[in-house]
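Hi,

Here is the structure I promised to pass on. Have a look at it first, and then read on for what turned up.

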Number of protein chains: 2
Amino acid sequence: MAFKVHVRVVPRAGLLDPQGQAVEHALTALGFREASGVRIGKAIELSVDAASADDARARARAMCDKLLANPVTEDYEVEVEAR
Amino acid sequence: MAFKVHVRVVPRAGLLDPQGQAVEHALTALGFREASGVRIGKAIELSVDAASADDARARARAMCDKLLANPVTEDYEVEVEAR
C-alpha cells in the first residue's frame, strides 16, 4: 500500500539561520511586525510503499537518517497521512 | 498571544521538480525503492502575535500571498500549533 509522507527538516534550535533572518526582515519591511523567530527548512513530500503506516514512518525515518537530513545541523519530523 | 505557525510551500502538482527527482534517484540508489513521487519545497516556522488562532492563520496566509510563496508555481499550507 502507498502512504503519503510529509517530512519537515529544519535547522536545529540555537543554530544560526541566515535565510530565516532575511525572510523575517523582509516580513517586517512589508508591515508584518507580528512575525518573529522565522526558521526555514525543507518540506519533503513522498509516497512510500509499505505494509502499514508504522512501517512507512520507520522507512521515512531511515531515509532522513541516511540522506534527507543532516543529523549535526538539522532536526526532522515525519508525518504519515491517514488514508 | 504568540502562536507557533508551520507553513509548507511545495511546487504545484504537474510542475517539474528537478530537486525532488534528484533526491528520488539518490534514495533509489541507496536502496529505498519504496519511495516515489518525491517533491521538495520549503518548511517555514514562525511565531505570530495575534488575538486568536484564526487571526494568526489569516496573517500567515497573507504573508504567504505577499512573500513566502510564489502563487504561480507553488501551493502552500498553513498550520497553527494548538496551545
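This is a predicted model: local features need pLDDT of at least 70, side-chain atom pairs count only at pLDDT 80 or more; totals for chains, interfaces and linings use all residues.

Ala13(A) touches Arg39(A) and Asp75(A), leaving out residues up to four places away in sequence; contact here means heavy atoms within 4.5 Å. You'll find Ala13(A) in the loop between β1 (2-11) and α1 (18-29) of chain A. Helices (H or I, at least four residues) and strands (E, at least two) are DSSP runs, numbered from the N terminus. Ala13(A) counts as exposed because its relative accessibility is 74%. For that wording, buried is under 20% relative accessible area, exposed is over 50%, and partly exposed is in between (1.4 Å probe, protein chains only).

Residues are numbered from 1 along each chain as its sequence is written, chains are lettered from A and ligands numbered from 1 in the order in which they are written, and side-chain values use heavy atoms, with hydrogens and water left out.Now the salt bridges. A salt bridge is a side-chain nitrogen of Lys or Arg within 4 Å of a carboxyl oxygen of Asp or Glu, and the count over all chains comes to 12. One of them joins the side chains of Arg8(A) and Glu77(A), at 2.7 Å from N to O. Arg8(A) sits in strand β1 of chain A and Glu77(A) in strand β3 (residues 74-80) of chain A, so this pair ties together parts that are 69 residues apart in sequence. Arg8(A) is buried, with a relative accessible area of 16%, and Glu77(A) counts as partly exposed at 44% relative accessibility.

Asp75(A) counts as partly exposed because its relative accessibility is 33%; Arg12(A) is partly exposed at 34%.

In chain B, Glu77(B) forms a salt bridge with Arg8(B), and the closest N and O atoms are 2.7 Å apart. Here Glu77(B) belongs to strand β3 of chain B and Arg8(B) to strand β1 (residues 2-11) of chain B, so to speak distant parts of the chain, 69 residues apart. Glu77(B) is partly exposed, with a relative accessible area of 42%, whereas Arg8(B) counts as buried at 14% relative accessibility.

What about a charge that has no salt bridge? Asp17(B) is buried yet has none, and the nearest side chain of opposite charge, Arg39(B), is 4.5 Å away. Lys and Arg count as positive and Asp and Glu as negative, while His and the chain ends are not counted. Asp17(B) is found in the loop between β1 and α1 of chain B. Setting aside residues up to four places away in sequence, Asp17(B) touches Pro11(B), Val38(B), Arg39(B) and Ile40(B).

There is a surface patch too: Glu79(A), Glu81(A), Glu79(B) and Glu81(B) gather in a patch of negative charge. Patches are made of residues with over 30% relative accessible area and no salt bridge, with like charges joined within 9 Å and nonpolar side chains (Val, Leu, Ile, Met, Phe, Trp, Tyr) within 5 Å. Glu81(B) lies in the segment after β3 (74-80) of chain B and counts as partly exposed at 37% relative accessibility.

Ala56(A) lies in helix α2 (residues 53-68) of chain A and is buried, with a relative accessible area of 0%. Leaving aside neighbours within four places in sequence, Ala56(A) is in contact with Phe3(A), Val48(A) and Ala50(A). Ala56(A) and Met1(A) are 55 residues apart in sequence and 9.5 Å apart in space, C-alpha to C-alpha.

Arg57(B) is in helix α2 (residues 53-68) of chain B and counts as partly exposed at 29% relative accessibility. Apart from neighbours within four places in sequence, Arg57(B) is in contact with Val78(B) and Val80(B). The C-alpha atoms of Arg57(B) and Ala35(B), 22 residues apart along the chain, are separated by 32 Å.

His25(B) lies in helix α1 (residues 18-29) of chain B and is exposed, with a relative accessible area of 58%.

Cheers

Key. Accessible areas come from the Shrake-Rupley method with a 1.4 Å probe; for residues, only the protein chains shown count as cover. The place of a charge is taken as NZ of Lys, CZ of Arg, CG of Asp or CD of Glu.
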